[in-house]
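Biologist: Please take one part of this chain and go through it closely. I would like to know how that part sits within the whole.

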Amino acid sequence: ASRAMRALWSPLHKARLWRRLWLWLAEAQRELGLPITEAQLAEMRAHLDDVDLDDVRRREGELRHDVMAHLHAFGALCPSARPILHLGATSAYVQDNADLICLRDALELLRRGLVNVVDALARFARRFKDQPTLGYTHFQPAQPTTVGKRAALWLQDFLLDLRDVEHALAELPFRGAKGTTGTQASFLTLFDGDHEKVRRLDLLVTEKAGFRAPIALSGQTITRKIDARAAAAAAGVAHSAHKMGND
């Protein structure tokens, strides 16, 4: 994997995303009227990036729970905000939403790479459009073709991949603020049964994360069809690269 892709899926980056998700949740809850102070939010903002993974590992050894370990580590840095961290949320709130952010950014990295490949292959195909080469069929010499034509075949495959990656990006939803089993019951309790505020909370957190819309329905976790769709798009790129490499 590239350095950028490895950094994207690193434990440190994910831990920092979890803290941002806790901040976005608290900001949205304050906007909707819960008793959360600006001082508490400022304290959270001041410690978004100073993650000590060794401290988290030590806490996880004691608590036997990864999200709780990160929550306690963040709470130790934000004592005044500790009572409102993760308010009404479940582990999947940070886990799945952070994974979706990483998935979005990973698909965007892939998209940019594909655009560069398409551009390079297009220029190569034009340069060698009249350069003859022998074409094969059934692993035997067949009819002449051109190097440019061969390159255009690879280019066409990558354009199909680009379409699939862009579709996966465009359709990628956010989990949002769905509660423990997707019922949003915990948030409904926090807002005294106000369904509209619970809907607004879901949308506000989604907007803060830079997504267009939350998924309509969720259980404890978001449907893994989302992962499968992104994996299929990535596998298509690998298939096209394999084809070109073997040609």
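**Helix α7 in its setting**

Modeller: This is a predicted model. The chain exposes about 13,500 Å², and carbon and sulfur atoms supply 55% of that area. Of its 247 residues, 41% are buried.

The chain has 10 helices and 2 strands. Starting at the N terminus, the order of elements is α-α-α-α-α-α-β-β-α-α-α-α. The chain is more spread out than a compact globule, because its radius of gyration is 24 Å, well over the 18 Å that the globule rule gives for 247 residues. Along the principal axes, the C-alpha atoms fill a box of roughly 75 × 40 × 30 Å.

The part to look at is helix α7, residues 147–170. Its 24 residues should span 34 Å at 1.5 Å a residue, and the end C-alpha atoms are 35 Å apart, which agrees.

Which residues of α7 are buried? They are Gly148, Ala151, Trp154, Leu155, Phe158, Asp161, Leu162, Val165, Ala168 and Leu169. An α-helix has 3.6 residues a turn, so residues three or four places apart point the same way.

As for charge, the chain has 34 positive and 30 negative side chains, and the centres of the two sets lie 5 Å apart.

Definitions and conventions
Residues numbered from 1 in each chain as written. Predicted model: local features only at pLDDT ≥ 70, side-chain atom pairs only at ≥ 80, totals over all residues. Heavy atoms only, no water. Helix = DSSP H or I, 4+ residues; strand = E, 2+ residues; numbered from the N terminus. Rg over C-alpha atoms; globule rule 2.2 N^0.38 Å. Buried < 20%, exposed > 50% of the residue type's maximum accessible area, 1.4 Å probe, protein only. Areas by Shrake-Rupley, 256 points an atom, 1.4 Å probe, with all protein chains shown as cover. Lys, Arg positive; Asp, Glu negative; His and termini not counted. Charge placed at Lys NZ, Arg CZ, Asp CG, Glu CD. Expected span 1.5 Å × (residues − 1).
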